[in-house]
Amino acid sequence: MQYDVVVIGSGPGGYVGAIRCAQLGLKTAVIEKYKTFGGTCLNVGCIPSKALLDSSEHYHNAAHTFKTHGIDLKDLKVDMPQMIARKNDVVAQNTAGIQYLFKKNKIDSFEGVGSFVDKNTIKVTKSDGSTETVTAKNVIIASGSKPTALPFLPIDKKRIITSTEALNITEVPKQMIVIGGGVIGLELGSVYARLGTKVSVIEFMPSIIGTMDAGLGKELQRVLKKSLGMEFFMGHKVTGAAVKGKKVTVTATNAKGEEVKLDADYCIVAVGRTAYTEGLGLENIGIKTEERGNKIPVNAHLETSVPGVYAIGDVIKGVMLAHKAEDEGIFVAERLAGQKPHINYNLIPGVVYTWPEVASVGYTEEQLKEQGVQYKSGSFPFKASGRAKASMDTDGFVKVLADAKTDEILGVHMIGPRAADMIAEAVVAMEFRASAEDIARICHAHPTYTEALKEAAMSATENRAIHI
């Protein structure tokens, strides 16, 4: 079967890229190894974790804030099987949606593992061992990533688990250890901490969410400790874990070299993700992956060393984010159609879906200092926001970083209610190279959380915030 484009993988990068290819008139097919479309994001990542985050947040508010709102509840309890069932239904709706979109756009799909015979021929190996081949003028590799394992800490998927298994625990654990203070570990840790689990986070670095602005990690750690009772072991190096019955014991060493032991019902290993290239047959077409992270090298057009073979998303360099993969899928599709798209990688927002939410775009203060860029900073706390007071979400702040001479916005960093949605305003402003003054002059509806961004911009411009 001859196609203009064959996409290997149906995650956010793969399915979005395939749809854009089809929209542009290219005969397109997708190869997916699993029975459902959507990759990690829709099946065992972004979507199911957000479903559980929402459910657990409802419970936490019912248990801790409803009384203040004048709402009395009796016999409040968690029904974990129902919570998991709702999560599964959300996943099913989303994956079925992709199936509909493929049909609508006349995209063919093949279930099985796709591997290169040559650069234009892909063998599809099905679960029953049978095979078929498809040919294409161009191939887009969108095979995604998998949770990174620690060589000295075997994952048994029962007590020592990854983010995948953490989405299907059917009881509320008494104690849980999370190895890794990044986005995945903190989100899943939050889910169970809200439900009553004692959550301990072990992180090798001195700060959680270490790739984001340092102030965000400091504030998030403070809030998670205060509101959810999460405890943090920073600067600790995990050395091993042992399972005995229904308990797991994790050993680590602190900065002084002293051994620390923690016991729990479950241990989530959340130390990052590794590009997934297993079974692709890259060696058959001469593509070598990078030693660090197993990633596929690409050029500025996202083309590999083999002409006509492209790679996008988690399997290549850059942040491992669904929306980055989506933009890259569209980028390659439009390149193949003869257009000249672009991606500004500095303006891909990062989000942590804890509560308060954390969101960031552009340069951090640490990066600007390292580059020797002269900048000014303005911030505004949510405790001074009327809307935040009304909803009892007063933790956090918004920080705007602007060029000291031109006032162009260089970075926006926020932790607070609905930060995941609010960051979009900052991205739009920075795409148009707006100044802090521009944001300060835009009329924001009152009362809204976004007024905090306006006030932070006013603070960055001549220190003229009104409400603080």
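**Exercise 1.** Determine how many cavities of 30 Å³ or more a search of the whole structure finds, and describe the lining of the largest cavity.

*Solution.* The search of the whole structure finds two cavities of 30 Å³ or more, in what is a predicted model. A cavity here is a set of points, on a 1 Å grid over the protein atoms alone, where a 1.4 Å probe fits but cannot get out, and lining residues have an atom within 4 Å of a point; the volume is the space filled by probe spheres set on the points, which are joined across faces, edges and corners. The largest cavity has a volume of about 40 Å³, and Pro147, Ser163, Ile184, Val269, Ala270, Gly272 and Arg273 line it.

Residues are numbered from 1 along each chain as its sequence is written. Local features need pLDDT of at least 70 and side-chain atom pairs count only at pLDDT 80 or more, whereas totals for chains, interfaces and linings use all residues, and side-chain values use heavy atoms, with hydrogens and water left out.

**Exercise 2.** Identify the strand that gives the most to the lining of the second largest cavity.

*Solution.* Begin with the lining of this cavity of about 30 Å³, which consists of Ile202, Phe233, His236, Val250, Thr251, Ala252, Val260 and Leu262. The elements giving two or more residues are β13 (247-253) and β14 (259-264), strands being DSSP runs (E, at least two residues) numbered from the N terminus. Of these, β13 gives the most, with three residues.

**Exercise 3.** State the strand order of the open five-stranded sheet and name its edge strands.

*Solution.* The order is β8-β15-β9-β10-β11, with parallel pairing, where two strands pair if DSSP finds at least two bridges between them. The edge strands, each pairing on one side only, are β8 (160-161) and β11 (231-234).

How values were computed:
On a 1 Å grid over the protein atoms alone, a cavity is a set of points where a 1.4 Å probe fits but cannot get out, and a pocket is an open set with protein on both sides within 12 Å along at least five of seven lines; lining residues have an atom within 4 Å of a point. Helices (H or I, at least four residues) and strands (E, at least two) are DSSP runs, numbered from the N terminus.
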